[in-house]
Amino acid sequence: MARIGFIGLGNMGGPMAVNLVKAGHEVLGFDLAAPVLKAAEESGVKPASHASQAVKDAEIVITMLPQGKHVLTAWTDILQSVAQGTLVIDCSTIDVESSRKAHEMAKAAGCLSLDAPVSGGTGGASAGTLTFMAGGSGGAFAKAKPVLEAMGKKIVHCGEAGAGQAAKICNNMILGISMVGVCEAFVLAEKLGLSHQALFDVASTSSGQCWSINTYCPVPGPVPTSPANNDYKPGFAAALMLKDLKLSQEAALASGASTPLGAEAAQLYALFDKLGNGGRDFSAIIEMFREKM
Ligand code: NAD
């Protein structure tokens, strides 16, 4: 069992760190927010008073932070405090450029590094069923895999530095676009007098099928577990979808990729967020299409 330093114990990081404790690892945690640190302590994470204290003597360090700037700041501290050869894993969803920079910093410090963003949300973090998309060397991946398996059910090595972040934002761009498309189809069906159930029965078993309709249907009824049946409580908050779509558009601009539907989805989610819906599930955007736009 490993000694692990865990930085960022929020909605995702907290339950992930607790699953590492349950798997028998010694986990020293740090978060800037005292209540979050206390909650993790109550579930067996040893609290540290500073990031450097949490990572000192750790064989593996994991960060789970909001954005690239937080990761680069935290990694600067971490890399000054760990021994050469330590494996540092970032599980946050951040821009590809910052992720690659973090890998370079780790290499310069003589450390192994992996970007390993997740999908599966807070439910998956608590249940230990996350999907990890990893980028980095084969050696870093091999060392990380048994530890990531304590927090997730599917661990995919996507390629070299930044490839995990690239996979994450490409996947979530598909999700944002497909949810908008499914919502538009249900609103059109309503105007045409077609029932939700009839559209679902046809589209979920024919060429319109996708996760946004089959598993996460944005109207109440056809898929009882979807947030539409729970007043659009997240689930996956619209603000987080907007964050990921913005990251996809930054990456498209930097790489010269043409993503017109990704750009449109980003604008629609920006408007939805501006209208005060950032904390609602991202499938609630269907309500915006029922208004005249
Ligand atoms: P969160 O805001 O709940 O947690 C982030 C934590 O980081 C906070 O507790 C904050 O105090 C702490 N923090 C910030 N800077 C720090 C620093 N320098 N040192 C120590 N602690 C610091 O966010 P979250 O929902 O846990 O998301 C974390 C990451 O996971 C984000 O990148 C997010 O995009 C990604 N993600 C979230 C979800 C989700 O459903 N919430 C799903 C997939 C991916």
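A buried serine and its surroundings

Reply: S283 lies in the loop between α12 (260-277) and α13 (286-290), where helices (H or I, at least four residues) and strands (E, at least two) are DSSP runs numbered from the N terminus. This is a predicted model, in which local features need pLDDT of at least 70 and side-chain atom pairs count only at pLDDT 80 or more, while totals for chains, interfaces and linings use all residues. Residues are numbered from 1 along each chain as its sequence is written, and side-chain values use heavy atoms, with hydrogens and water left out.

Is S283 buried or exposed? S283 counts as buried because its relative accessibility is 0%; buried means under 20% relative accessible area, exposed means over 50%, and partly exposed lies in between, with a 1.4 Å probe and protein chains only. If neighbours within four places in sequence are set aside, S283 is in contact (heavy atoms within 4.5 Å) with M179, C183, Y216, P218, P227 and Y232.

Y232 has a phi near 60°, which is a positive value in a residue other than glycine, and Y232 counts as buried because its relative accessibility is 6%. D231 is found in the loop between α10 and α11 as well, and there phi is near 55°, again a positive value in a residue other than glycine. D231, however, counts as exposed, because its relative accessibility is 58%. The loop between α10 (211-214) and α11 (238-255) also holds G235, and the bond that joins P234 to G235 is a cis peptide bond, with omega about 20°.

Because 7 of the 7 residues of β8 are buried, the strand is largely enclosed by the rest of the structure. Both of its faces are covered, with L130, F132, A134 and G136 buried on one side and T131, M133 and G135 buried on the other.

Together with helix α7 (residues 138-148), β8 and β9 make a right-handed β-α-β unit; right-handed here means that, with the strands pointing away from the viewer, the path from the first strand over the helix to the second runs clockwise.

β8 also has antiparallel pairings. Strand β6 (residues 112-115) pairs with β8 over 2 bridges in the antiparallel sense, and L114 stands opposite G136 in β8. Strand β7 (residues 118-119) pairs with β8 over 2 bridges, also in the antiparallel sense, and V118 has F132 as its bridge partner in β8.

Another loop residue worth a look is A48, which is placed between β3 (46-47) and α3 (51-55). A48 is buried because its relative accessible area is 3%. Not counting residues up to four places away in sequence, A48 touches G29, F30, L37, Q53 and A54. For F30, the separation from A48 is 18 residues in sequence but 5.4 Å in space, C-alpha to C-alpha.

Finally, there is the ligand, which has 20 residues around it, and among these N11, M12, D31, L65 and K243 come nearest; a residue is near a molecule or strand if one of its heavy atoms lies within 4 Å of it. An N or O atom in the side chain of D31 is 2.6 Å from an oxygen atom of the ligand, a polar backbone atom of L32 is 3.4 Å from a nitrogen atom of the ligand, and a polar backbone atom of L65 is 2.9 Å from an oxygen atom of the ligand. On its own the ligand has 830 Å² of accessible area, of which the protein covers 83%, with areas taken from the Shrake-Rupley method with a 1.4 Å probe and, for residues, only the protein chains shown counted as cover. A polar contact is a pair of N or O atoms within 3.5 Å; within protein, one must be able to donate a hydrogen and the other to accept it, and residues adjacent in sequence count only if both atoms are side-chain atoms.

Notes: Two strands pair if DSSP finds at least two bridges between them.
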